[in-house]
Amino acid sequence: MFATYLPGTSPLHRLSAGWKILLVCVLVLAISVTVREPWHVAPALALAAALYAVGRIPPRAAWGQVRPVLPMLVAILLLQWLVADLSTAVRVVGALLAAIAVAGLVALTTRISDMLDAVTRAAGPLRHIGVSPDRVALVLVLTVRAIPLIARRFRQVGEARKARGLGISIRALVVPTVLGALQTADQLGDALAARGVDDGETSVITPAKGRRPRPPVEGR
């Protein structure tokens, strides 16, 4: 499954979460900048494959990182082909695929709790300008969870159209996916509000080492 931690003892598993997050940001930026021709996609994907080998990730788990987003990438490929050309489409989709694979590798080799700790520490100085590091960490968790949810919704819409014998339509794929994502966001917002997470001073994560959500406040 997408973004599921796999225990291990590889060099990537032993590397601290903060360094991994920093490195993946650098790699994604480098991929975005350097992939300028369709053939540049091959070295980027080769680099991602080499990193998976260093992390000792089984092929099935590696495939699980990209499989959920393939329908979305196909739609982007077709859209770019229509509005630009095939060369641009291959370059854009190839860069996205490599970036997703690298980001998935971090999720496979890093516990969510370690990511939260690293992001909370890195965002500590933001307290001086009124930004809560705990909320920044919460955004990270929600983002990590949102990617597979949206990809799964996209795949379900595509499978439903295929079962009805309907052809490929960008609008018919994107619109239900966006509506489903908005519905999920509403449900998530209601769930967070029910647990006392709002625009007030309530902290999502306690300062203690064993972080956990605070219970709802009475009368809210």
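Asp85 caps the N-terminal end of α6, with a side-chain oxygen 3.2 Å from the backbone nitrogen of Ser87. Polar contacts are pairs of N or O atoms within 3.5 Å; within protein, one must be able to donate a hydrogen and the other to accept it, and residues adjacent in sequence count only if both atoms are side-chain atoms. The model is predicted: local features need pLDDT of at least 70, side-chain atom pairs count only at pLDDT 80 or more, and totals for chains, interfaces and linings use all residues. Residues are numbered from 1 along each chain as its sequence is written, and side-chain values use heavy atoms, without hydrogens or water.

The protein chain has nine helices and zero strands. Helices (H or I, at least four residues) and strands (E, at least two) are DSSP runs, numbered from the N terminus. Helix α6 has 24 residues. Its first and last C-alpha atoms lie 35 Å apart, close to the 34 Å expected at 1.5 Å a residue; this expected span is 1.5 Å times one less than the number of residues.

The largest nonpolar core holds 21 residues. Such a core is a set of buried Ala, Val, Leu, Ile, Met, Phe, Trp, Tyr and Cys residues joined through side-chain atoms within 4.5 Å. Buried means under 20% relative accessible area (1.4 Å probe, protein chains only). Ile31, Val35, Tyr52, Ile57, Ala101, Val102 and Leu105 touch the most other members. Helices α2 (17-34), α3 (41-54), α4 (59-66) and α6 (86-109) each supply at least two residues of this core. Helix α6 gives the most, with eight. Beyond its neighbours within four places in sequence, Val102 is in contact (heavy atoms within 4.5 Å) with Val24, Leu27, Ile31 and Ala48.

Note on methods: Buried means under 20% relative accessible area, exposed over 50%, partly exposed in between (1.4 Å probe, protein chains only).
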